[in-house]
Amino acid sequence: MADRTNPKRRERKREHDEYDEEEEERGKHSRLPHSPSSSSSSFAVDAIRTLGSQLDAIERSRISTSSTSTAADSETVTTAVKQEQGQARTDDQASGDNSASSVLDISQITANHPTTADLLQILSSLHPSIVLMPSSGAGPTADTVFALTRIALATYTAFLDTLLQDAHAVEASAWGWHDIHDDDNHLAALTYLVQTLPARTWSLSQTAVRILRSSQVPASFSTQSIQTVLHSLKKSPALLTTALFPLSASGPAPLASGEGGAAVTTIGIGRVKFGFNPLRAPRAFDPVRLAAHEARSKAQILLAERDALATQLGTLAQQLPTLVSSTRDAEGTTSQKSAVSEYEAAVLVALQSAGRAVRHIQSALEQEPIAKSPSPSDLYDVLHSLLSTSIPQYTSATHTSLSVPTSVSNLSALGEPSLFLRLWLPAIILPASALVLRSTIIAQWDRILATVTDAKETIRGFWVGWVVQPGAQLLRTLRRGEAERGLIIAKESLASDLKSLERMVTSFSAEKYNLSPDELEDLAAKVRDGDLTSVLRVYEDEMRSPLKSAFTGSLLRALLIQVQKAKVDLEVAMSGIDRLLRSQELLIGAVGLAPAVAIVWVTTKWALSGGRFGGGRRRQLREGESLRMRAWEAMREIDKLLSLPGASSGSSTSSTDTLPPLTHGLLLLHLSFLRSAADPLTAFYARASPQKKAIAKRLRRAFLQDIRELEAAAAATGWEGEDQKEADARSGSGSDAGPGMGSVGLGWQVRRATIQRMWSSWQGLLVPRGVGM
């Protein structure tokens with residue numbers, strides 16, 4: 001319903017849809033996963049494109065007004081304006097691509113936001129135009145003003161993007177320290193304690209030197225010095241805790257009295273000062289627990305730093321709808337409605353928009369603000385100062401707080417321990433282990449050499465006997481087809497035995513039955529078919545008197561014929577098996593080669609995966625589930641931030657539902673992570689689909705649309721606030737409206753509806769396995 005009644009929302013949705021199409025085409029060749037500057041774009045890019053579209057509309061109204069000024073003004077004024085425009089076009093043609101009118105088309109930015117260095121270079125190209133600028137507001141001056149305005153708006157959104165990136169880095173570092181503190185087995189805290197042991201030892205030695213100096217005892221390894229230090233530490237245990245765990249102690253104790261103070265340690269980092277309460281007895285001197293508490297303290301400092309960055313981010317983001325105003329806001333400054341006055345009003349609006357953006361940045365940087373309608377030269381100087389000095393110095397505080405500490409004893413640093421602290425224990429253990437290993441190798445060299453030789457021969461025998469030779473035999477089988485000779489029995493052996501059986505039967509039958517040649521041929525044919533009836537009849541008759549037949553009859557001859565028949569039958573069976581084997585020779589060779597090939601493939605896969613079975617697919621699944629868990633956590637935090645309508649502006653009856661700056665900044669921070677995770681999440685979700693690329697593209701587009709709706713609703717109808725006020729005025733509603741939708745706020749209703757839709761629509765995308773909904 002809101003989309004049908006709000007033209008601005010429909011226009012913005014159409015622009016975002018077109019923007020998604022452009023990003024898909026451009027992102028095919030320059031897509032970086034997990035990067036906010038990938039094809040998923042960023043909040044800053046969307047903001048600068050929206051601001052650029054608004055500024056382009058004002059600039060188009062300026063150009064159209066100047067081109068149609070004949071109907072509104074006198075001919076003299078029109079001629080003067082056209083002469084100035086002609087001079088401007090001449091200057092633009094002379095300057096080529098570096099003309100002020102074509103500098104930084106922010107409405108066409110699609111993927112990567114310009115950095116402060118890029119903006120500074122673009123700003124420097126305008127210096128000749130600023131120096132030679134005439135006093136009038138027409139011609140090249142107007143083009144320069146609009147170019148400066150585009151750079152100012154881009155600087156504003158670049159500062160927003162910088163705050164987002166810094167907040168992400170600070171939060172990631174904070175959760176790293178949280179992992180050390182939240183380890184139930186305290187293994188991470190113990191590892192951190194062992195890594196930082198040299199730094200703590202150095203800090204303790206410095207404390208000992210200060211104790212000796214305050215006691216006026218020479219700093220040496222004498223018995224008196226050791227006793228003095230031990231006595232002071234025994235009287236004031238806080239000194240030991242302060243030296244070893246500065247963030248977990250109750251503060252440095254006065255050395256003169258030797259008694260620990262009760263102050264709270266305060267650490268100043270970046271733009272945040274944070275206090276921490278000390279650990280209490282009786283476990284105050286548990287080193288592992290103190291190390292875990294130190295990690296927790298650093299995490300709290302970093303989260304406070306993140307909240308400070310989020311507050312500034314939310315404050316600046318809430319000012320986005322007010323940066324560029326319409327020309328109607330400037331018409332009140334002139335009494336005439338002529339074309340020239342509207343032309344000057346457009347230039348004045350652009351100049352005021354640039355000044356407004358610069359003032360908000362200066363307010364965040366705690367600098368003295370520029371005038372509301374600054375001159376182009378003043379605006380150029382301020383922008384140059386911001387891009388070259390102020391913004392880099394401001395963001396360097398966060399980078400410094402997260403950098404590796406340069407001092408060994410700096411235990412309060414928020415960055416990870418230095419390379420020396422992380423590697424000092426392996427640097428001590430590895431040489432000793434190397435010496436022991438060298439002695440063992442020398443003592444067992446003969447056995448090691450024999451083992452290596454045996455392993456070499458085993459590998460060679462396996463490769464040659466089970467891979468190379470069977471592979472060559474398989475290739476020979478493929479080349480010659482079915483084998484010509486038998487695998488078990490030769491073809492000639494069966495033929496010769498069968499002919500011998502025919503001769504034996506025909507000769508025996510001819511003697512016994514006096515058969516004719518034709519009958520003998522029929523008998524030979526029967527023998528080839530396995531019929532020995534004539535022989536068996538004689539055998540049956542001879543068996544009636546076996547002893548007599550054995551000496552005087554034909555019993556032995558009949559038995560030998562049957563033996564030959566059994567031999568032929570055996571060879572026939574063997575021939576059938578031989579034919580079967582020859583028909584499956586290729587399959588047998590492949591089956592024989594398969595185990596060796598499988599062993600080689602598994603070994604190669606294991607070596608390429610770094611000694612881990614499962615390889616890339618299992619690692620992909622782990623990374624995908626980890627990303628889904630992080631996205632689910634971000635979505636849960638967003639739901640918590642937008643749960644209560646009373647969180648809008650401290651009043652549940654607010655009709656604008658403006659979020660507090662901290663809540664707004666944290667919301668943009670979590671949404672920025674979801675933006676950067678849109679590509680890998682949708683690709684992981686659609687990995688099993690036959691059309692995974694097309695499905696991932698459609699899922700990503702819908703997912704980014706929901707994220708943009710939350711970002712727009714986070715401003716509590718910020719981009720549509722004026723339209724809503726006008727609609728309320730036309731309908732007669734406003735302060736006299738009763739409870740209902742107005743009492744809760746339209747912004748809260750839109751946010752809650754979007755959140756519910758995202759939970760229901762993206763459950764399979766955001767909710768990891770094992771998490772119930």
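The largest core and its surroundings

Modeller: The largest nonpolar core holds 105 residues, and F159, L674 and F703 have the most contacts inside it. A nonpolar core here is a set of buried Ala, Val, Leu, Ile, Met, Phe, Trp, Tyr and Cys residues joined through side-chain atoms within 4.5 Å. Buried means under 20% relative accessible area, exposed means over 50%, and partly exposed lies in between (1.4 Å probe, protein chains only). Helix α7 (residues 140–181) gives the most to this core, with 20 residues. Helices (H or I, at least four residues) and strands (E, at least two) are DSSP runs, numbered from the N terminus. At least three residues of the core come from each of domain 1 (43–69 + 101–170 + 333–403) and domain 3 (617–645 + 658–718 + 744–766), with bounds from an automatic or database domain assignment.

This is a predicted model, in which local features need pLDDT of at least 70 and side-chain atom pairs count only at pLDDT 80 or more, while totals for chains, interfaces and linings use all residues. Residues are numbered from 1 along each chain as its sequence is written, and side-chain values use heavy atoms, with hydrogens and water left out.

Leaving aside residues up to four places away in sequence, L674 touches A631, A634, M635, I638, F703, I707 and L766; contact means heavy atoms within 4.5 Å. A second, separate core has 12 residues, among them L523, L532, A558 and V568.

D497 sits in helix α18 (residues 491–513) and touches Q564, K567, V568 and E571, not counting residues up to four places away in sequence. D497 counts as buried because its relative accessible area is 10%.

Helix α12 (residues 287–318) is mostly covered too, with 23 of its 32 residues buried. From first C-alpha to last, α12 reaches 46 Å, close to the 46 Å expected at 1.5 Å a residue; the expected span is 1.5 Å times one less than the number of residues.

The loop between α9 (197–214) and α10 (223–235) contains A219 and also V217. A219 is exposed because its relative accessible area is 57%, while V217 is buried because its value is 12%. V217 touches L212, Q224, S225 and T228, again without residues up to four places away in sequence. The C-alpha atoms of V217 and T228 are separated by 8.1 Å.

Now the whole chain. The protein chain has 31 helices and 2 strands, and 41% of its 773 residues count as buried. Of its contacts between residues at least 6 apart in sequence, 75% join residues at least 24 apart.

Last, confidence. The mean pLDDT of the protein chain is 74, and 71% of its residues reach 70 or more; pLDDT is the predictor's confidence in each residue, from 0 to 100. Confidence is highest in helix α25 (residues 661–676), at a mean of 91, and lowest in helix α29 (residues 741–744), at 36. Over residues 135–140 pLDDT stays under 50, and the model has 12 contacts for them beyond four places in sequence.
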